[in-house]
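This report goes through selected features of one protein chain. The sequence and coordinates come first, and the notes come after them.

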Amino acid sequence: MNLETIQDPGFMKQYNDKELKALGEDIRAFLIEKLSVTGGHLGPNLGVVELTLTLHQLYDTPKDKLIWDVGHQSYVHKILTGRADRFDSLRQYQGLCGFPKRSESEHDVWETGHSSTSLSAAEGMALANQLKGGDSKVAAIIGDGALTGGMALEALNHIGHEQTDLTIILNDNEMSISPNVGALHSMLGRIRTAGTYRRTKEDVDHMLRRIPAFGSKLASYADRMKDSMKQMVLSGMFFEELGFTYLGPVDGHDLDDLHANIKYARDTNGPVIVHVLSKKGKGYTPAENDAKGTWHGLGPYKIESGEVIKKPAAAPAYSAVFSNTLQKIAEMDPRLVAVTAAMSGGTKLDTFAEKFPDRMFDVGIAEQHATTMSGALATQGMKPVFGVYSTFLQRGYDQLVHDVCRQNLNVLFGIDRAGLVGADGETHQGVFDIAYLRHLPNMKILMPKDENELQHMLYSAFHNDDGPTAVRYPRGNGLGVEMDEEFQLIPYGKWEIVREGTDCTILSFGTMLPIVEEAAAVLSERGTSVRIVNARSAKPLDDEMLEELAEEGKPVLTVEEAALKGSFGSAVLEYMADHEHDSLSVRRMGIADYYVEHGSVPELYEELGLTSEKVVEKVMAMTSKERTNIRDE
């Protein structure tokens with residue numbers, strides 16, 4: 001079938017199994033081909049082909065609501081809702097988004113990119129439908145990894161209490177990004193082994209009732225026993241004790257099994273959980289055999305061999321430098337422990353775990369728990385390092401405020417993916433952490449100019465005994481600078497002059513230094529002398545240098561890959577205002593007040609005006625006004 005001709009899912013309502021299977025094969029082949037060029041979340045989508053076909057056959061979207069947790073497994077849904085013709089642009093600049101996007105289609109009713117939000121969204125939509133007297137159906141599709149998130153458990157509790165009419169599809173593939181961990185995951189494992197329990201119980205009940213005279217009594221006795229059986233087989237009837245009807249486990253690649261159970265769930269009053277067992281990467285051998293999470297989300301690859309196409313790296317990845325540095329420090333200091341929230345692979349802490357298995361804690365998708373646990377470790381004299389993506393630390397904000405910063409605990413936050421991340425788009429851009437960390441008392445915020453400075457910064461932060469420190473670093477590889485053999489202590493609140501100049505000072509924070517240096521070279525050719533400062537701490541600021549700049553009176557430009565509101569440039573402006581340096585011209589470059597969508601980082605730099613050309617323009621405008629003694633406005 002030509003998938004690019006599909007406009008909406010209505011065409012498949014009357015499809016039989018044979019036709020659905022053929023359609024599923026076409027979709028798998030399409031995804032394998034298209035994603036070999038664009039990259040993307042291949043494994044999760046290959047695993048939900050039959051499930052998505054069944055859902056769209058049984059539900060009438062957009063009247064009925066399908067809500068995808070995380071949303072990285074929504075590619076099949078996008079194909080069936082008329083977007084196959086745009087897959088060449090998947091995750092490309094101004095192209096098809098890799099996650100649900102309401103502006104793309106009326107069938108996308110909830111936008112997401114982080115885990116564990118689907119159940120709360122489903123409850124809200126189902127309650128609204130109930131209050132309005134509507135007859136639409138709501139189904140949320142959530143993975144076993146995302147179910148460990150605290151928000152999902154909160155929603156389960158409330159849905160069970162309200163007895164809301166909705167269906168939860170628990171897509172259990174035993175993987176999220178990294179292998180799942182935790183007691184809830186283990187409980188699901190026990191349920192997986194009890195797949196015939198419900199069917200066996202019903203068969204036994206039917207058989208007992210057919211026995212003359214004693215059948216009813218035996219069946220009644222069996223009814224009294226069944227809760228004990230369930231307690232034993234289903235790990236305490238976790239879902240049913242919460243008020244859900246539990247169906248499953250169901251074969252996630254058996255269309256008949258899926259259809260029967262999901263139809264029953266759709267037509268049942270009250271909340272229902274359908275426990276679906278699926279195979280991540282189904283239908284493509286390299287993805288099926290993936291045990292490390294490589295095929296969860298990746299770049300281009302060779303279809304025939306499964307070889308991932310990577311350009312030779314001229315420098316180590318920042319994440320690798322982070323992990324390697326921690327390993328070196330851990331060899332010297334037994335107090336160091338590493339913590340991550342289901343991102344051991346992404347943060348490269350999996351290599352730390354191989355070397356120090358007893359000192360590495362992966363808590364699952366639970367950033368709140370990880371933050372507070374790290375604080376508690378610090379109270380007992382340990383030196384916890386929480387490796388976490390900038391965009392995911394947002395979910396631990398209350399714990400940052402209440403548990404770590406308020407108690408001034410020595411926790412080191414290794415904030416990975418700080419700045420623009422590219423193809424994952426607006427839900428993953430790490431541009432807000434400076435603003436949400438900087439106003440917290442006791443917090444220190446550092447960012448290196450390169451990978452060598454990163455190792456020294458981590459070493460220095462580890463040896464800080466004055467409360468929490470956040471060390472930010474970007475996605476991708478370093479600049480290829482020489483790595484020092486010995487660690488060096490970098491004093492907090494002391495910036496580095498990289499280049500001297502007389503007409504203007506540029507305060508560069510983190511990743512912007514190469515762009516600033518390129519601009520300074522152009523400006524020099526035009527007769528403008530620029531001082532460049534590697535402003536490696538957004539908190540504390542280098543008060544001494546700021547006072548010198550104020551006394552000098554030359555224009556100052558701050559440049560950062562972060563939200564302008566509340567970040568590094570704001571800190572400099574606040575300092576100048578608080579110290580009544582009102583005549584000093586301070587201008588800022590950064591990310592404007594909107595969510596930055598997907599695209600390559602260079603393309604996004606162009607969109608945002610974070611280029612050397614724009615730095616040149618800004619400096620020329622500032623210095624020309626200064627030369628004519630016109631106050632900058």
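## Basis

The model is predicted, so-called local features need pLDDT of at least 70, side-chain atom pairs count only at pLDDT 80 or more, and totals for chains, interfaces and linings use all residues. Residues are numbered from 1 along each chain as its sequence is written, and side-chain values use heavy atoms, with hydrogens and water left out.

Helices (H or I, at least four residues) and strands (E, at least two) are DSSP runs, numbered from the N terminus. Two strands pair if DSSP finds at least two bridges between them.

## The five-stranded sheet

Five strands form an open sheet in the order S1-S2-S3-S5-S4, and their pairing is parallel. Strand S1 (65-68) and strand S4 (245-251) are at the edges with a single partner strand each, so one side of each has no neighbour in the sheet. On average, neighbouring strands of this sheet are turned by 20° against each other, direction ignored; axes are lines fitted to C-alpha atoms, for helices over the stretch in contact, and angles run from 0 to 180 degrees between N-to-C directions.

S4 runs parallel to strand S5 (residues 272-277), and five bridges join the two. Asp251 has Leu277 in S5 as its bridge partner. Helix H11 (residues 255-266) packs on this sheet, where it touches strand S3 (167-172), S4 and S5. The direction of H11 makes about 165° with that of S4. Contact means heavy atoms within 4.5 Å.

## Helix H6

Helix H6 (residues 150-162) has 13 residues. From first C-alpha to last it reaches 19 Å, close to the expected 18 Å; the expected span is 1.5 Å times one less than the number of residues.

The buried residues of H6 are Ala152, Ala155, Leu156, Ile159 and Gly160, where buried means under 20% relative accessible area, exposed over 50%, and partly exposed in between (1.4 Å probe, protein chains only). Seen down the axis of H6, these buried residues fall within an arc of 130°, so they line one face of the helix; the arc is that of the directions from the helix axis to the C-beta atoms. Their cover includes helix H5 (118-131), strand S2 (138-143), S3, helix H10 (238-241) and S5. On the face of H6 turned away from its buried side are the exposed residues Glu154, Asn157 and His161. Gln163 follows H6 and has a positive phi, near 55°.

## Cis peptides and positive phi

The peptide bond between Thr61 and Pro62 is cis, with omega about 5°. Pro62 is in the loop between helix H3 (49-58) and S1. Another cis peptide bond runs from Gly248 to Pro249, with omega near -5°, and Pro249 is in strand S4.

Val70, a residue other than glycine, has a positive phi near 65°. Val70 is placed in the loop between S1 and helix H4 (75-83) and is buried, with a relative accessible area of 14%. Arg417 is not a glycine either, yet its phi is positive, about 55°. The loop holding Arg417 lies between strand S9 (412-416) and helix H18 (433-438). Arg417 is buried, with a relative accessible area of 15%.

In strand S14 (residues 530-534), five of the five residues are buried. Val530, Ile532 and Asn534 are on one side, Arg531 and Val533 on the other, and both faces are covered. In a regular strand the side chains alternate between the two faces of the sheet.

S14 pairs with strand S12 (residues 496-499) in the antiparallel sense over three bridges, and Ile497 has Val533 as its bridge partner. With strand S13 (residues 504-508), S14 pairs in the parallel sense over five bridges; Ile506 stands opposite Ile532. From S13 the chain passes through helix H20 (residues 513-525) to S14 in a right-handed β-α-β crossover. Right-handed means that, with the strands pointing away from the viewer, the path from the first strand over the helix to the second runs clockwise.

## Lys355

Lys355 lies in helix H14 (residues 349-355) and is partly exposed, with a relative accessible area of 42%. Leaving aside neighbours within four places in sequence, Lys355 is in contact with Gln327 and Glu331. The C-alpha atoms of Lys355 and Ala330 are separated by 9.7 Å, and the two residues are 25 residues apart along the chain.
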